[in-house]
Amino acid sequence: MFGDPWTTSGGKALAFHSSVRLRLKGMGQIKMKVNGLDKVVGMKVRCQVIKNRIFILIITVLLILVSVFSISKNPIGVNNSNEMWFLPGDPNLVSFEKLQDLFGDSEYLVVGIAARDQDRDVFELDTLVMIDEISTMLEDHEVVTQVRSLSKYQRTYNKNGMVATDNLIEDFDDIKTDPDLINSAREIMKSEELALDSIITKDFKDTRIMARTEYRANDNAHKVKFVTDLKNFMNEKGYEKKGYNIRLGGVPLVGERFETLSNTDFGWIVPLMSFVMFFAHPKTAVIPCLLYTSDAADEGLGVDLGGRRI
């Protein structure tokens, strides 16, 4: 016999518009003996699902949800390093690498500290102790190669006809019991021309801690870790609750912000773009329609998406 032996009453319209189609085929009768006689009490029927668009839609939605969840949990990697903006062998990049070799690391993180409203200036016991704690934490960090601050400041002066170098504050335990040491440090700093407007303003209202960090080619992960460690340290110490206005700046902070915000943005932009491309765009929005009315193209061939006869 030529062609499909199966037919559906109602013509092609019913097969086209239906979402689920079941094929029923009689397999025989079910008989029981009643008063010694065989009596038909039912029939065996084989049911075959030959079309199920709802299943396709469910699978499509599940695939979209899984894709969005996967992208949200594992954002697409981004490279925000300095090298990504240059071609290999670029003269500017080569010059920068030579500068690194000659003079060492060139990236600094700056911690700006302002005197509290109730304080005369930054030469207060609590403020100096805080500066020393932050400086020590930075100095001990794995990516920091140098720290400059009031607590680490060394002055050079003439001592009995000889050049002498001493720390501005020799022992922070001593200033806790001797306030005169703080006044002495304040008077000494007034004559330190190299430090004024460098690590401290001339009115002593603001100071900064500068930490030089390692430069790692094609990598920003160490900047993210470094800045995150510093923020966590300051939060644990509760400096903000004590009334201190602390600001961060410098290349490591820019790298950390760029990296963090990029990953955050990708976490919601990519799923949103996927949703818009799949459902909102006039060209791509036809995909769900084709999935739901897929037999429109296959009706002439007499097969559904699974390749089965209908």
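Which residue in E8 is the bridge partner of Val110? It is Gly249, and this pairing is a handy way into the sheet described below. The model is a predicted one, in which local features need pLDDT of at least 70 and side-chain atom pairs count only at pLDDT 80 or more, while totals for chains, interfaces and linings use all residues. Residues are numbered from 1 along each chain as its sequence is written, and side-chain values use heavy atoms, with hydrogens and water left out.

The protein chain contains 10 helices and eight strands, taken as DSSP runs numbered from the N terminus (helices: H or I, at least four residues; strands: E, at least two). Of its 310 residues, 32% are buried, that is, under 20% relative accessible area with a 1.4 Å probe, protein chains only. The accessible surface amounts to about 19900 Å², and carbon and sulfur atoms supply 59% of that; the areas come from the Shrake-Rupley method with a 1.4 Å probe. Among contacts (heavy atoms within 4.5 Å) with a separation of 6 or more, 65% join residues 24 or more positions apart.

Now to the sheet itself. Four strands make up an open, antiparallel sheet in the order E4-E7-E3-E8, where two strands pair if DSSP finds at least two bridges between them. Strand E4 (144-148) and strand E8 (245-250) are at the edges with a single partner strand each, so one side of each has no neighbour in the sheet. From one strand to the next, the twist averages 20°. Strand E3 (residues 107-114) is joined to E8 by six bridges in the antiparallel sense. Across E3, E4, strand E7 (206-213) and E8 lies helix H4 (residues 125-140), which runs at about 10° to E7; axes are lines fitted to C-alpha atoms, for helices over the stretch in contact, and angles run from 0 to 180 degrees between N-to-C directions.

One aromatic pair is present, with pairing defined by ring centres within 6.5 Å and edge-to-face by planes over 60 degrees apart. The ring centres of Phe123 and Phe204 are 5.3 Å apart and the planes stand at 65°, so the pair is edge-to-face. Phe123 sits in the loop between E3 and H4, and Phe204 in the loop between helix H6 (180-189) and E7, 81 residues apart. Phe123 is buried, at 1% relative accessible area, and Phe204 is buried too, at 5%. Elsewhere, Arg155 lies over the face of Tyr157, 4.1 Å from the ring centre; the criterion is CZ of Arg within 6 Å of the ring centre and within 35 degrees of the ring normal.

Note on methods
Buried means under 20% relative accessible area, exposed over 50%, partly exposed in between (1.4 Å probe, protein chains only). Rings of Phe, Tyr and Trp (its six-membered ring) pair if their centres lie within 6.5 Å; planes under 30 degrees apart count as stacked, over 60 as edge-to-face and the rest as tilted.
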